[in-house]
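Thanks for coming. I will take a few minutes to walk through one structure, and I will start with a term that we need along the way.

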Amino acid sequence: MKNKLSFISIFTLCMALSLTACGGKQASNTASNTASKSTQTEAGSEASDKSDSTLDDLYQQENQLFADHSDAWNKVFGMMSKSDADSNGNYADYLAGTIESNKDSFTDDELKTLNEDIETIRKIEEQIAELESKSTSSDDNQKNSSKSSSVFSDFSGEDFDGNKVDDSLFSGNAVTVVNFWFTGCKPCVAELSKLNELNDAIKSMGGEVVGINTETFDGNKTAIKEAASVLESQGVKYRNLSIDSSSAAGKYASEIMAFPTTILVDRNGNIVGEPMLGGIDNQDNYDTLMKQIQSVVDADSTNK
């Protein structure tokens, strides 16, 4: 399963559609196509476009299942945590495992619906895997080897007050905690106050929390206003940024399918460790993240 984490909100359908419109998965392919433009044939381009369209359709089929049975799936997504997640495994198995480990939380009807959906998702995933394998076989190794170091290289964005931000954001910190969220995601909003607490706690360690709201891409003023209102209601003081959807960081965010997702970035702009799935308002997640933060800070001190 290529770079696929999971969905964690009943609003993921809207999110996935908006990301596609902003050039999420398609933008990644566009960048690759541009790099090889001199050797790419018109027929090859048309085949790539057709593959992209088919992938989008398959993802939207999955999204529609989540939307159709949102009450049941919202329970599942709220139960996801890093300890449960295997982002490199089979997506359907990942969902099934989450449900199985929490089956007492569901009614018989909900379990029946969820299990039926999973079998449909499993078939969709088989088609997705086949298409992605064909479309990325030539450059996956190169992309994967450089991904962690390239995501935040030449980083740029603006905070919600319009102040410019660049990659000095990371070089100035021993560790930067980057939280990806969106305004309609209930678990995302639920953890905001805890993230603010975390930001205060790690300042003395040389750390900082930064939020990236994926609905505010490309300076979307309406989305920024709505996100800022939510942040204010939760007492959040740490910086939140709007970035370009076509940037390396924007493309990385477009492939995130679990919200909230939190990553750690070191002083050199490299992603450290695995993403944290689920909110840190869950104490186990908070404690796990703090241990990871301390590890990055210790490594930073050693390298000085």
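Two strands count as paired if DSSP finds at least two bridges between them. With that in mind, please look at the model, which is a predicted one.

Take strand β3, residues 175–181, and strand β6, residues 261–266: they pair in the antiparallel sense over 6 bridges. Within that pairing, Val178 has Ile263 in β6 as its bridge partner.

Now the whole sheet. It is open, has 7 strands with mixed pairing, and runs in the order β2-β1-β5-β4-β3-β6-β7. At the edges are β2 (164–166) and β7 (271–277), each of which pairs on one side only. On average, neighbouring strands are turned by 35° against each other, direction ignored.

Next, the helices on this sheet. Helix α10, residues 192–202, lies across β3 and β4 (207–213), and runs at about 150° to β4. Helix α11, residues 221–233, also packs on the sheet, where it touches β3, β4 and β5 (240–242). The direction of α11 makes about 115° with that of β3.

Then helix α5, residues 91–101. Which of its residues are buried? They are Tyr91, Ala92, Tyr94, Leu95, Thr98 and Ile99. Seen down the axis of α5, these buried residues fall within an arc of 165°, so they line one face of the helix.

Last, Ser171, which lies in helix α8 (residues 168–171). Ser171 has a relative accessible area of 37%, so it is partly exposed. Ser171 and Asn268 are 97 residues apart in sequence, but 5.9 Å apart in space, C-alpha to C-alpha.

That is the tour.

Note on methods:
Residues are numbered from 1 along each chain as its sequence is written. This is a predicted model: local features need pLDDT of at least 70, side-chain atom pairs count only at pLDDT 80 or more; totals for chains, interfaces and linings use all residues. Side-chain values use heavy atoms; hydrogens and water are left out. Buried means under 20% relative accessible area, exposed over 50%, partly exposed in between (1.4 Å probe, protein chains only). Helices (H or I, at least four residues) and strands (E, at least two) are DSSP runs, numbered from the N terminus. The arc is that of the directions from the helix axis to the C-beta atoms. Axes are lines fitted to C-alpha atoms, for helices over the stretch in contact, and angles run from 0 to 180 degrees between N-to-C directions. Contact means heavy atoms within 4.5 Å.
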